[in-house]
Amino acid sequence: MLLFVVFFLYPIISGLFYSFHDWNGVREPTFVGLSNYRWLISSRDFSRAMTNLCVYLLITVPIGIFAALGLALLVDSFTGRWANFFRNAYFLPVVLPAFLAATIWRWIYAPNFGLLNMILGWFGIPAVNFLNDTGTMMYALIAVDVWVSAGFNMVILLAGLKNIPTELYEAARLDGANKWQQIIHITLPMLGPVMFFVVTYSVISAMQVFDKPWLLTGSSFTEYGGRRGALLFPVMDMMGQAFGELKFGLASAYGFILTTAIVAVTAVMYLLGNRKETK
Amino acid sequence: MAKLNMITGGIASLMAIFACSTAMADDVTLEYWVFSDFAQGDALALQETFIKEFTDKHPGVKIEIVGKGDDDLTAGQVAGAASGNLPDVFMNGIRVGAQLAEAGVLANLYDKWMAMPEEYRAQFDKNEIKNCMPEEGKLYCLPYTGYGSLLFRNLTVLEKAGIDPSKPLTTWDEWLDQMKKVKAAGVNAIPDQSLVFNSIAEMYAISGDASTWSIDWDARKTRIDPKIMAKVLEKFVAMADLNSGTSRNDQATKDLFITNQLAFHTVGPWVDPTYVEAAKNSGLKYDYVLIPGDTAGKHGGIKYYEFVGVAPGKNFDISWEFASFITEKEQMVRWAKLLSRYNSNAAAMNDPEVAALPLVAASVEAVKGAMDVLPPYFVKAVPNCYLSTVVDYTSATADGDYSPEEGAEEMISELNACLAQ
């Protein structure tokens, strides 16, 4: 209970308190009512960050889960040493420090001599400026994100797959079901609760996206989000407001809006999940 | 006899306790935060030499040096001010000066400064001291290291494009002409200058100067002149098809330059050690010149400074002594020689051995014609929307979304809206 109050309740309540104040983190906060919220909602960067977040969520979550499920099914089909090898190989990006992962990908995406452009060059495709062309930046980030998150989700889904009784597959095979039918009619329904966790976790993580776009765009507290703000996300803007401008009241308002959005989305997903179970 | 021994022993013990308590009263440990690249290799060794020389003269003073990245320095200093646990002496960039002053991170050094002998005060670059003084009676920093941006040229690429590098580059038109020749030879001319605020400022200085680049805080309006900005944006449109798509700060830009895939790189002198290494190891042929302006004799580029600040508090006096020690000529001469880099101690820059260093000599000239990157300093924190607006409208104009005139108008209107918030 004490831990809950200290590490969960107190930060939320103090964040809410400061969101109604003008506060630079040092001097006494001054009450400003709703003006931080009003400022944020009318701010160009806030609407851009929220739009980017929606696009990112809609693409990265389904792709990430499909990739993780595919990898889990693939690894599940192996046994012994190979299963261990692939499980560890796909999990490696999860344990890689974010700055190292970003450095690797910045090199892969580099224009002119980056690995990806080199491969495109072999096929006569002109070089693409993945991290500075506003048309490709979001997809470049999503690829990195899927690469990192797929391993983690794969391990969770793999644990779910191992819990599905093999008798169900044997019975389906006897009934003449092919592999695809087994996945649709046995694997996916049986993975329901695990999948619910993976989807919820992926959505919550995606809503807090920060380190990957920050590092890929070489951001700092005063300049962040990449070319024309194509990779500007709410947490990045919140960090900029807090440590670049020392507007901790505004950053708290940002944080509170984001927290409310995360809680609302999670609640909706939980309700939908519960309704499905009841049916 | 035993009594005498006891009395003598007692007196000796009391004296020892007294001596010990005096020493303890004098003992002080200063925390000294520096940029992370000043806390490694040769730079760290020299900083430790300065610390040793200072502590030898001040027994009982211990100084702990801590290296931090740019963002960590600012965040740590603000968090320190909030928790009452500030580092005693620290560095930072002049651009965040207003935030730090507002947060109470910086002590007012004015009285201490005025109490110093004239010969000490006369050592510093007067403009830089002025930058540390938002108003009369307030001095928030001692200017320390710095730079004026230079145009690094890959001579192999220039020769490949049929350009004679020995012919002086005097105007923007000549430079643009060379960029076009380089591109025609199949090589990237320049990094994408529209990606970073500082590189846009470098380009603005080609046509304008700091008087039309700064902010009028009383009116909360930008001083950017729409006609000059339109002229600058024309340059970005002209460079759109000539650039490498990488920013001036990207590692990829340095790699392109080193591998003869990039002709020009406008940047500070910190890239020089990398290029010196490449010259030794892979035969890179390069030089550096001043960034040409619109007219002969005018230069582009920016100047920027890192400063030493002192925290208010119980260690203020000894911290000031240390700050004034590390910024004085003798130390700055050694610093300049080690790094072959410009600093804001004008007396050190005039030292014959320092002035003879080619990179220092070029930097001194660059600083003379360069523009302060975001003045006025230590007055008010420039909102992030100001920086992002400049970068966004420059990129959008380079992408063809606006004409240079429209881009300049929209940018200025958005900048004023940002400042009015």
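Residues 50-269 of chain A carry the UniProt annotation "domain: ABC transmembrane type-1", taken from an unreviewed entry. The model shown here is predicted. In it, the annotated span is 75% helix and 0% strand.

**The annotated span**

**Where chain A touches chain B**
- Chain A gives 25 residues to this contact, and chain B gives 34 residues.
- On the side of chain A, two or more residues each come from helix H3 (44-77) and helix H12 (234-244).
- H12(A) gives the most to that side, with three residues.
- By class, the chain A side holds eight nonpolar, 11 polar and six charged residues.

**Helix H3 against helix H10 in chain A**
- H3(A) also meets helix H10 (residues 192-207) of chain A; the two axes come within 10 Å.
- These axes cross at roughly 140°, and the crossing is right-handed.
- From H3(A), the residues in contact are A:Leu53, A:Tyr56, A:Leu57, A:Thr60, A:Val61, A:Gly64, A:Ile65 and A:Ala68.
- From H10(A), the residues are A:Val198, A:Val199, A:Ser202, A:Val203, A:Ala206 and A:Met207.
- The contact of H3(A) with H10(A) has 11 nonpolar and three polar residues, and no charged ones.

Conventions: Residues numbered from 1 in each chain as written. Chains lettered and ligands numbered in written order. Predicted model: local features only at pLDDT ≥ 70, side-chain atom pairs only at ≥ 80, totals over all residues. UniProt positions renumbered as here; feature names shortened; annotations may be inferred. Helix = DSSP H or I, 4+ residues; strand = E, 2+ residues; numbered from the N terminus. Contact = placed C-beta atoms within 7 Å. Nonpolar A, V, L, I, M, F, W, Y, C, P; charged D, E, K, R; others polar. Axes fitted to C-alpha atoms, helices over the stretch in contact; angles between N-to-C directions. Left-handed = near helix turned anticlockwise from the far one by under 90°.
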